[in-house]
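Q: Could you walk me through this model before I set anything up? I would like to take it topic by topic.

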Amino acid sequence: MAAAPALKHWRTTLERVEKFVSPLYFTDCNLRGRLFGDSCPVAELSSFLTPERLPYQEAVQQDFRPAQVGDSFGPTWWTCWFRVELTIPEAWVGQEVHLRWESDGEGLVWRDGEPVQGLTKEGEKTSYVLTEKLGEEDPRSLTLYVEVACNGLLGAGKGTMIAAPDPEKMFQVSRAELAVFHRDVHKLLVDLELLLGMAKGLGEDNQRSYQALYTANQMVNICDPAQPETFPVAQALASKFFGQRGGESQHTIHALGHCHIDTAWLWPFKETVRKCARSWVTVVQLMERNPEFIFACSQAQQLAWVKSHYPGLHARLQEFACRGQFVPVGGTWVEMDGNLPSGEAMVRQFLQGQSFFLQEFGKMCSEFWLPDTFGYSAQLPQIMRSCGIRHFLTQKLSWNLVNNFPHHTFFWEGLDGSRVLAHFPPGDSYGMQGSVEEVLKTVAKNRDKGRTNHSAFLFGFGDGGGGPTQTMVDRLKRLCNTDGLPRVQFSSPERLFSALEGHSEQLCTWVGELFLELHNGTYTTHAQIKKGNRECERILHDVELLSSLALARSAQFLYPAAQLQDLWRLLLLNQFHDVVTGSCIQLVAEEAMCHYEDIRSRGNTLLSAAAAALCAGEPGPEGLLIVNTLPWKRTEVLALPRPGGAHCLALVTVPSMGYAPAPTPTSLQPLLPQQPVFVVQETDGSVTLDNGIIRVRLDPTGRLTSLVLVASGREAIAEGAVGNQFVLFDDVPLYWDAWDVMDYHLETRKPVLGQAGTLAVGTQGGVRGSAWFLLQISPNSQLSQEVVLDVGCPYVRFHTEVHWHEAHKFLKVEFPARVRSPQATFEVQFGHLQRPTHYNTSWDWARFEVWAHRWIDLSEHGFGLALLNDCKYGASVRGSVLSLSLLRAPKSPDATVDMGRHEFTYALMPHEGECCGPDTSLPLSASVAPTVSGEHSSSPTPLPSFSTTRPFPVCAQGPSKTLALFPLPTASTSPCWRCPPQARHPPPPGAPFQCPRPQSCWRPSSRQGPVGCGERAGVPSWARPRPRPPPPPSVGGDQPPGPQAGPEAVRGPRQPRGLLAAHVAAGSGGRPL
């Protein structure tokens, strides 16, 4: 007779069911304790320990020694290979048999020479299915190998996840046995967990919640863990409940398998290769067992690694891609940082990624997939559309510390008006696990209810890899269409965005950057990585340009397409969002610096070959030629090499995209009307530098007390304030040390005060004048700086060397301007944008520290001040104070970050007109050029060392005696809103994407809307010479050069940059090519 109905207490009933499925409580009698049945130890276990990551064929040939469960092995980053001999008991015929393996290291099972299963305790993968049903004829004995990495899923942090790795950490295997797996128990556990989730998630006021709880309670009543014959009845109760369908208006969740793997972060690049294998081989098993399961995979670099190291696995992925279950997404080489890479580098991410996906999987991506980077440039929509991308997915803005982003599905509009359909999974995660709580959150948190009825649900362990599990897939299968919950379907990115486009007329538009209100310390952390990034971006530009010109001049020149692709891919790898940002461990940072050195070395060799071919047979009077890689004529001061290792300063003019012979010593004669630089030191120790364009005054400690634009007489420094003021801040974030700088750091501002009398005159004047000083930042850190002004130059440069030994400090330099404006302008990729200088709203306040590329500008009507730099990205403009972020000192995950010696240059330029006016584009930005070496040089000449004679656009000599003026791109590279409207239109939605040749340079084409606006030829109005009183008498020093010199820098119109066109452009003047 059935039991009589009884009153039920919500909490006790809920907890009764929880205990019935608990892995901790009552496992001797509950259902969880019956998940595995009979077990036996492995027949034999032996191991081999190595510091190397050996391929399988080499590893299995090593000397394996007896081992047992509980043995320790290590240390961190080593690898322990286990040989596992198995003998399956005869009594297990007809049953599902697993190898149970638990270790605190990441494992990979090898069977018959191929990887077959990842084993990661943190990723809930602790068993490998040997057979789903042991047959009479199946072998009873077999040998497996388990490759165990001495690191966890998220590295090996000492104490906390993001702490520096513990180099002496040891690992062990805590379980290695054979066991019978009860699939029917697993299914019941999934059902009971989902019913519990519905009871909790829907709440006590919901009828369906009680139905779920009562069904689960009834299943517990019926189900006897010791009597499997009771399981089908309990299973039928669950099926009846989940079979009750929802209405047609239910929200549809598109479930996509996902496995975010950081290409390097708390582990080195080489470990990521194995993480990919461990994760994706498990995904292959899931796709085999679940035909409806679809997995989205980004980052071409990781797939290229798998192709190289695990060709069998790569072939399986291609097979499932043909079935539509394995879907490459993103279109980029890696999931790069969304702020710091140059526009060209971002385009190359898509070029390399799309080309790889097309070649290996027969299809390019239509969606940009970047779920975990630290903000998104306003230029990305135009770059995406120009590269065949129409959709964008991320979730990172859910991390905003101050403001909640108002949308989950919307159109994102870039600088030129290009739009892409953007979607943020409303569950605010890329690592869901298929729980009812996550499903309900996806609906409840959706900020576009009523506008769209579809959303993404990305499930699978991520960051350190792992990916989806069978349990996650089973949960989502059960929830496909259940009353009380949204409809769940396995889907693809294409189907997701197609459904979203069906409601596009209802969607809102967000214009401009997607600024992450967190992790803004990454604009500054690890200064050497950021310097290497900027330098190598420029080197590759120059190699491609000079190689293209050499090819245009002679068909005999062999364009280095393959070498350039290798170097670009190396640079793109370093632009992964945890590398170029500096938020990685020391081991990764060291690898990144080696990559930069490789690019410099090989790039300079290619540069030498191209320059030698380009200038062959045309030596200058001194056997010296100067090459200009920019599309306008340039006149600048260079340090020309002389016999015996000496250098001589000279003012040289080089045509656009061309070259000119270096001036001879006899030609170094005064040339009027160029005014020489005058340097005067007053009795109080202050120094004045004047070149007739600007006049600079430094106080006796090196601070800037006056900066006058001579033509107009306008003072640029705020009244009663000083510029070039170094300031130190306490820098202790809430948690993410290398990532975050918090708003409260501004409350700890401490000016670094110098000692009077330390300022001294360097170069005496003539073509160049300079002054230098020393500054003690703290008892442990020092700074030296040379302030330089060249003849005809509209800006003053600050060459800086810092010996930095601090802990949780932040160094900046400030310039209070005599300019008032509610907005400042910041250079971004292929353009610029404006940000507020005030804190009126929380959205303004959250931008207390922002990023920019080579310049920032604060302008009012008729006058402005620009701050330029050669390798910095962090900046801010608060009120009228321009601030450049120089160095940080976080201690995790890299305890040594930024410690040591640094060199960098920044510059200050006052100008007439507004920043975006027709005549006010910055002619040059700070950069440091590599050396052009000779074609037959055995090794490239190293970068020139820091010296008082180095100009802002550095000229360097190689064995070929060919010099190069390297590119210092203009500020005016963004769409000009004064252009006719037809020049600003984004590409049409159906515009085809074409795969370029390897040697092509990929830039948004003028046909699809310019990324820059051509400036009027000639000198900008604020830099043109004005009538001025006679100069004071000369104080000596180098004199302006003679016949080879020219007028102030003249800029021609910018050459159009085609999307798929090579870097070939005609020069003007001199010897055009």
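Predicted model: local features only at pLDDT ≥ 70, side-chain atom pairs only at ≥ 80, totals over all residues.

Q: What percentage of the residues is buried?

A: Of the 1073 residues in the chain, 62% are buried.

Q: And among contacts between residues at least 6 apart in sequence, what share joins residues at least 24 apart?

A: That share is 75%, counted over contacts in the chain between residues at least 6 apart in sequence.

Q: On to the largest pocket: how much space lies in it?

A: The largest pocket holds about 1,400 Å³ of space. Its lining consists of 41 residues, and those closest to its centre are L35, E124, F181, H186 and T471.

Q: How does the lining split by class?

A: The lining of the largest pocket has 18 charged residues, 14 polar ones and nine nonpolar ones.

Q: Switching to salt bridges, how many does the structure hold?

A: The structure holds 50 salt bridges. One of them joins E15 to K19, with 3.8 Å between the closest N and O atoms.

Q: Where do E15 and K19 sit relative to each other?

A: Both belong to helix α1 (residues 10-20), and because they are four residues apart there, about one helical turn separates them. E15 is partly exposed at 30% relative accessibility, and K19 is also partly exposed, with a relative accessible area of 26%.

Q: What about E319, which residue does it form a salt bridge with?

A: E319 forms a salt bridge with R316, and their closest N and O atoms are 3.3 Å apart. The two are three residues apart in helix α8 (residues 311-323), so they too are separated by about one helical turn. E319 counts as partly exposed, with a relative accessible area of 33%, and R316 is partly exposed at 27%.

Q: And the pair E544 and R348, how far apart are the closest N and O atoms there?

A: In the salt bridge between E544 and R348, the closest N and O atoms are 2.6 Å apart. E544 lies in helix α14 (residues 527-553) while R348 lies in helix α9 (residues 343-361), so this pair ties together parts that are 196 residues apart in sequence.

Q: Are E544 and R348 buried or exposed?

A: Both E544 and R348 are buried.

Q: Now helix α11, which of its residues are buried?

A: In α11 (residues 436-444), the buried residues are V436, E438, V439, L440 and T442. They pack against helix α3 and against the strands β12 (252-258), β19 (454-459) and β20 (487-490).

Q: Let me turn to N403: where does it lie, and which residues is it in contact with?

A: N403 lies in the loop between β16 (391-393) and β17 (409-413), and this loop residue is buried, with a relative accessible area of 7%. Leaving aside neighbours within four places in sequence, N403 is in contact with E517, S842, W843 and A846.

Q: Last topic, how many disulfides does the structure hold?

A: The structure holds zero disulfides.

Q: And are C793 and C871 buried or exposed?

A: C793 is buried, with a relative accessible area of 9%, and C871 is buried as well, with a value of 2%.

Key
Residues numbered from 1 in each chain as written. Heavy atoms only, no water. Disulfide = S-S within 2.5 Å. Buried < 20%, exposed > 50% of the residue type's maximum accessible area, 1.4 Å probe, protein only. Contact = heavy atoms within 4.5 Å. 1 Å grid on protein atoms, 1.4 Å probe; cavity = no way out; pocket = protein on both sides within 12 Å on 5 of 7 lines; lining within 4 Å. Points joined across faces, edges and corners; volume = space filled by probe spheres on them. Nonpolar A, V, L, I, M, F, W, Y, C, P; charged D, E, K, R; others polar. Salt bridge = Lys/Arg side-chain N within 4 Å of Asp/Glu carboxyl O.
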